[in-house]
Amino acid sequence: MSTNYDFIIVGGGSAGCVLAKRLSEDPSVRVLLLEAGKSDRHPLIHMPVGFAKMTDGPHTWGFVTAPQKHANNREIPYAQARVIGGGSSINAEVFTRGHPSDYDRWEQNEGCQGWAFKDIQKYFLRSEGNSVFADEWHGTEGPIGVSNLSPQAMTLAFVQSCQQLGIPYNPDFNGANQAGSGVYQTTISDARRCSAARGYLHPAMKQKNLHVMTNAMVRRILFEAGRAKGVEVLAQKGGVRRIYVEREILLSAGAIGTPKVMMLSGIGPAEHLRQYDINVVHDLPGVGSNLNDHFGIDIVAELRSHSSLDKYKKIHWSAWAGIEYFAFKTGPVASNVVEGGAFWYSKDGIAIPDLQFHFLAGAGAEAGVPSVPTGSSGITLNSYALRPKARGTVRLRSADPNAAPIIDPNFLGHPADLETAVEGIKISREIFSQSSLRKYIRMIRFPDENVKTKADYEAYARQYGRTSYHPTCTCKMGDEDDKMAVVDPQLRVKGVTGLRICDSSVMPSLIGSNTNAATIMIGEKASDLIRGNH
């Protein structure tokens, strides 16, 4: 295999898969994709219900946060994918892309010229292969298959309960109106997860000018006179290998991995780098700062009977579910578990929704989430503030590339975030109290009946909140006046040449929804910027 490439892509997650496909479409270009994790061959990755088994284990990095000062000093599990496809290979397959005003804010208020919704909508459409909607809001020919589920009875009861509370039905959260409740569209195609690896990378791997290396952790980027010239890779069998680039290195290792690689390479806050005797290539204080994530808080109810997906924990039901899936591509294995949701308002007078809800037709599906007594069935409703004001950091623990970084999202670090979170819990409880769901519920286990006052709700939020797997903004984009910006609107790293960042870390602020579709959009736009097609 050649040791020189036109482009080296560091990180085979959602954006990295997009870049690999788009750049390798030019047969004259040599592209190398480096992924620290494994291939995506594990069967649970491709079964929609497998999400419930993917939030910990060998396809994640096993991270935990630093003790969270405003969340009872808890060290919260922080799932980040370590597999080809990245988050799109282990996430809940929920397809949302945020409100148009999120992207308009990037351009109008945060110095990101060319990133308003009118400019990036075409990239959403280019990536989307929707099997249901076909209008100005949706693409039908893109690599990422999007479809409707056949929802569980509990999910339909959830949507009805939302309507009974006054949250109207919305069949399309990605259309002209985001507000309302409904069944999520999902990145599932032909009853299989349609990750960025399946949609973009695997078809492109047939091309001879694209090479993919898994189990290849990048130790650092090599610089010569301020230009990125190559990478040092820790090979699976030990030892260090140097690989050189002719044109550009493209970092797409995610909002945790990208700032880590940057700092190990000598680009970041100079004082922090010197603590670990790392040679400072360029003092860039914004690297690893501005971490922005959704802080999700679950409520859990125990059901009167086995009406949710939890009944399939029993061996005979599990066996039947497997038969149904493999024979007919239907049944509980074809469910993403997180079937229903809503976008709504924490208070009157808000222009756009500031809360998002995820309904799970089961209990204890994800690592670290409360559950119901063994032998019972349950349901879960998660809520979070869509645009949290708190900002955190990613910092090195040492100069050892194998050491996990110190991740501090600073959850609830702003009073407004706690206030909105409390309203989300209250609305979640009210949804469970409507007749369509109440008739199935034996009791709400979390929070129990003792949670009544504002202080009780705040204490519950601090104790039970967790990451919603949406870390962003740690190498944010901005103009030349933004001293904390790491990349310009062309995604070029400031102060060096031959290096771009093309993943969720470049978001200047968090969007109001799940983030995978936006990350794919960033990969699509980045490919055009690199190829000069903007």
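Asparagine 410 comes out as partly exposed because its relative accessible area is 22% (buried means under 20%, exposed over 50%, partly exposed in between, with a 1.4 Å probe and protein chains only). This is a predicted model, where local features need pLDDT of at least 70, side-chain atom pairs count only at pLDDT 80 or more, and totals for chains, interfaces and linings use all residues. Residues are numbered from 1 along each chain as its sequence is written, and side-chain values use heavy atoms, leaving out hydrogens and water.

- Asparagine 410 isn't a glycine, yet has a positive phi of about 60 degrees.
- Its spot is the loop between β21 (406–408) and α11 (415–432); helices (H or I, at least four residues) and strands (E, at least two) are DSSP runs, numbered from the N terminus.
- Alanine 191, also not a glycine, has a positive phi of about 65 degrees, and sits in the loop between β8 (188–189) and β9 (192–193).
- Alanine 191 counts as buried because its relative accessible area is 15%.
- Phenylalanine 446 and proline 447 are joined by a cis peptide bond, with omega at about -5 degrees.
- Proline 447 belongs to the loop between β22 (441–446) and α13 (454–464).

**Surface patch**
- Trp317, Trp320 and Ile323 make a nonpolar surface patch of about 310 Å².
- Patch members have over 30% relative accessible area and no salt bridge; like charges are joined within 9 Å, nonpolar side chains (Val, Leu, Ile, Met, Phe, Trp, Tyr) within 5 Å.
- Accessible areas come from the Shrake-Rupley method with a 1.4 Å probe, and for residues only the protein chains shown count as cover.
- A salt bridge is a side-chain nitrogen of Lys or Arg within 4 Å of a carboxyl oxygen of Asp or Glu.
- Isoleucine 323 is in helix α10 (residues 315–328), and is partly exposed, at 49% relative accessibility.
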